Amino acid sequence: MTLKTTTHILGYPRIGSQRELKFAQEKYWRGDISQAELNEVGSLLRHRHWGEQSGAGLDLVTVGDFAWYDHVLGTSMLLGHLPKRHRSGFPDLDTLFRVARGKAPTGCECAASDMTKWFNTNYHYIVPEFSVDDEFNVSWPQLFEEIAEAKKAGHKVKPVLLGPVSYLWLGKEKDAGFDRRTLLPRLLAAYQQILNKLAKLDVEWVQIDEPALGLELPKEWADSFKIAYQVLHGSPKLLLTTYFDSIAHQLDTITALSIDGLHVDLTAAPEQFDEVVERLPAHWVLSAGVVNGRNVWRADLTALVERLKPAKAALGERLWLASSCSLLHSPMDLDLETELEPEVRQWLAFAKQKCRELTLLAQALDGNDIALEECDRYSAPIKARATSSVVNNELVRQRTAAITDDLATRKLPYAERARVQRQALGLPLLPTTTIGSFPQTNEIRSQRRDFKAGRLAEQDYITAMQGHIKDAVERQNQLGLDVLVHGEAERNDMVEYFAELLEGFAATRFGWVQSYGSRCVKPAVIVSDIYRSAPMTVSWAHYAQSLTDKPVKGMLTGPVTILGWTFPREDLSREEIANQIALALRDEVADLQEKGIKIIQIDEPAIREGMPLKASQWQAYLDWAVKAFKISAASAEPATQIHTHMCYSEFNDMIESVALLDADVITIETSRSDMELLEAFEAFDYPNEIGPGVYDIHSPNIPTVEQITELVAKAQARIPAERLWVNPDCGLKTRSWEETEAALLNMIEAAKILRQLHQSKVG
């Protein structure tokens with residue numbers, strides 16, 4: 001008799017199929033609903049999502065994956081570990097929002113904590129801050145209340161925790177000369193308290209996430225796992241969970257740990273499977289992450305059955321099946337996508353469908369003949385896709401094959417271009433600009449929706465968008481900015497907009513994925529070879545430039561970011577896809593400058609997050625990523641100034657490659673980190689111009705003139721004033737006009753003060 005294969009997922013999307021959590025959060029922050037009403041929305045979503053997991057036939061329902069902002073901040077709350085400036089009034093939900101946003105309906109306006117990318121994803125987390133005297137106090141009851149909630153609803157639960165070593169790794173020290181690993185004993189004591197509480201709730205298994213094991217860790221960090229899991233071993237059972245990359249290089253460390261099971265990501269690193277099975281300790285469970293939690297392609301269940309049969313024979317009921325990582329990174333429900341092309345739709349699976357894939361796969365693996373036949377039917381469309389006529393374009397393949405190094409090289413080096421550009425642009429010292437977008441009002445969103453739905457005629461839509469562009473240009477002129485933008489009223493998202501205009505993408509209506517807090521994005525799907533059939537931004541930029549004598553930036557999203565923030569094909573390399581996008585953008589750059597656009601910004605905020613987890617693989621990635629950007633920019637004439645923007649990136653790891661992008665100006669996020677990110681530019685003599693962000697656009701707090709002046713002064717200590725720009729951290733689409741104008745006025749005034757100070761020093 002075949003023993004049943006256990007199924008589970010590592011986490012479920014929390015936002016709701018209609019983004020209910022997002023809208024409830026924002027209503028609460030505005031004061032439109034009470035905290036009790038917000039909590040009710042959260043409870044309804046949790047129950048719905050648990051029901052969808054059990055309804056799909058999963059054996060274990062994941063609990064503890066729900067978060068009010070992000071799960072790392074949720075862990076900080078669970079541990080009672082918050083920045084000192086936010087500890088007043090804890091525990092309280094508003095405390096969590098103040099740490100994340102700097103502001104909540106109650107309490108002080110205090111600086112928000114730093115935010116950065118979750119490994120190599122577009123999900124963001126709030127960075128824990130560690131000090132030498134930190135204590136950990138388990139006093140935030142959310143996890144335990146949700147377990148009781150789920151058990152009462154009749155679910156067999158598997159709580160999830162972020163593991164202690166990864167939690168420490170993901171944070172940063174606030175005290176000089178202090179090593180946060182010294183806090184591990186105190187932290188482990190708190191984790192023991194948590195596990196004891198879970199044992200009293202009759203929890204059998206705990207999923208404990210240690211994604212840092214996918215990295216090439218320093219020895220002292222790898223050794224920390226041995227200490228941690230010797231202390232934590234006991235009851236409940238621990239399923240050590242890894243994802244996003246292979247952990248084969250850590251198997252000596254992992255197999256010596258006192259745990260009860262191991263999860264591995266077999267979509268990111270299928271090559272590790274056989275070695276992991278061979279070396280798995282005799283009493284451990286192996287959770288095989290075979291359904292991709294980070295992409296939307298339907299699984300080839302027939303192929304997976306054949307691949308898993310030997311492991312099933314060797315392990316029996318100790319083989320579990322799971323998603324590769326949390327389904328947090330996947331849209332909710334493909335059933336809602338009634339407008340997708342039928343051929344494309346049958347290639348896809350979203351979170352709800354992925355749960356069913358696991359159940360069907362487990363039944364087939366357990367020898368159910370009906371399930372085996374259903375796997376064959378289910379897998380047929382994804383197998384047929386390989387030869388589909390809509391997927392492959394020979395002209396695109398020929399153009400990418402003809403790429404040379406010359407195609408990625410500007411006509412003049414930066415030093416010579418800079419002289420030409422200074423003469424052509426005539427900008428002042430410390431020029432002021434913004435990153436691209438301006439507030440997306442309800443009127444703008446409504447007009448875009450009406451146009452897409454056919455309720456607004458094309459010419460009426462163009463007239464409406466031109467009205468918003470004109471308003472944005474006039475406001476910027478009145479404020480006194482030096483370099484303007486058109487405001488991007490016509491754009492729903494910096495990637496989705498281009499995906500809808502380039503050939504090769506499929507857009508969804510409800511494929512929302514959480515990026516952070518209430519911020520959701522709707523990645524398109526790359527379904528075939530990519531090319532540009534018509535200009536995408538030229539008419540809007542040309543119209544904006546016609547309204548002013550000041551330069552207006554053309555705004556493009558770079559090839560690596562378009563790739564990184566969409567769901568990519570799995571039958572082409574990322575390099576090949578990036579080159580296809582780069583060639584399309586190259587044509588757009590040429591058309592923009594032909595229409596008199598003198599500054600073109602090609603945003604690449606995703607270039608850091610796209611780096612492999614293992615440092616030994618970084619250079620190969622950076623080589624093709626940098627080249628793709630340069631291909632997109634190299635059609636620019638020397639007088640055309642190329643900008644790029646990066647946000648929430650750690651530059652120490654790739655500063656030389658950032659320089660190799662050869663952008664004339666790079667703008668970066670630095671205000672939340674208090675200019676700490678500029679340390680990379682101090683240690684490395686960055687040759688081109690740089691705009692370190694001085695205004696945290698993710699917080700509703702308005703920076704003062706003094707705060708901005710202080711930040712720019714810190715930047716001047718590292719970068720000569722002649723090569724500095726003054727700008728916000730990121731685009732302003734999420735802010736109101738009232739907040740935006742107040743902050744920009746202060747930013748412009750700070751630039752004026754600093755120019756005068758500079759003149760007095762050199763005069």
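Rings of Phe, Tyr and Trp, the last represented by its six-membered ring, are taken as a pair if their centres lie within 6.5 Å. The model examined here is a predicted one.

**Aromatic contacts**

A pair of aromatic rings is described by the distance of the centres and the angle of the planes. In this structure the count comes to 18 aromatic pairs. Two of these pairs are set out below.

| Pair | Centre to centre | Angle between planes | Geometry |
|---|---|---|---|
| Y69 and Y516 | 6.5 Å | 35° | tilted |
| W205 and W320 | 4.9 Å | 70° | edge-to-face |

The pair of Y69 and Y516 links distant parts of the chain, 447 residues apart. Y69 belongs to the loop between β2 (61–63) and α3 (71–78), while Y516 is in strand β14, which covers residues 513–516. Both of these tyrosines, Y69 and Y516, are buried. They also belong to one aromatic cluster, formed by Y28, W29, Y69, F97 and Y516.

W205 and W320 are both buried.

Arginine side chains also meet aromatic rings. R298 lies over the face of Y378, at 4.0 Å from the ring centre. R181 lies over the face of W221, at 5.9 Å from the ring centre.

**Helix α8**

W221 is one of the buried residues of helix α8. This helix comprises residues 219–232, 14 residues in total. From its first C-alpha to its last, α8 reaches 21 Å, close to the 20 Å expected at 1.5 Å a residue.

Which residues of α8 are buried? They are W221, A222, S224, F225, A228, Y229 and L232. Seen down the axis of α8, the buried residues fall within an arc of 140°, and they therefore line one face of the helix. On the other side of α8, K219 and Q230 are exposed.

The buried residues of α8 pack against several elements: the helices α6 (164–169), α7 (184–200) and α9 (251–254), and the strands β8 (205–209) and β9 (237–241). Just after α8, G234 takes a positive phi of about 155°.

**Cysteines**

A disulfide is a covalent bond between the sulfur atoms of two cysteines. How many disulfides does a search of the whole structure find? The search finds one. It is formed by C108 and C110, whose sulfur atoms are 2.1 Å apart. The torsion about the S-S bond of C108 and C110 is about -120°, so this disulfide is left-handed.

The two partners can be described by their accessibility. C108 is partly exposed, with a relative accessible area of 36%. C110 has 15% relative accessibility and counts as buried, because buried means under 20% relative accessible area.

C355, by contrast, is in no disulfide. The cysteine sulfur nearest to that of C355 belongs to C325 and is 13 Å away. C355 counts as buried, at 1% relative accessibility. C730 is buried as well, with a relative accessible area of 17%.

Terms used:
Residues are numbered from 1 along each chain as its sequence is written. This is a predicted model: local features need pLDDT of at least 70, side-chain atom pairs count only at pLDDT 80 or more; totals for chains, interfaces and linings use all residues. Side-chain values use heavy atoms; hydrogens and water are left out. A disulfide is a pair of cysteine sulfur atoms within 2.5 Å. Buried means under 20% relative accessible area, exposed over 50%, partly exposed in between (1.4 Å probe, protein chains only). Helices (H or I, at least four residues) and strands (E, at least two) are DSSP runs, numbered from the N terminus. The expected span of a helix is 1.5 Å times one less than its number of residues. The arc is that of the directions from the helix axis to the C-beta atoms. Contact means heavy atoms within 4.5 Å. Rings of Phe, Tyr and Trp (its six-membered ring) pair if their centres lie within 6.5 Å; planes under 30 degrees apart count as stacked, over 60 as edge-to-face and the rest as tilted. A charge sits over a ring if NZ of Lys or CZ of Arg is within 6 Å of the ring centre and within 35 degrees of the ring normal.
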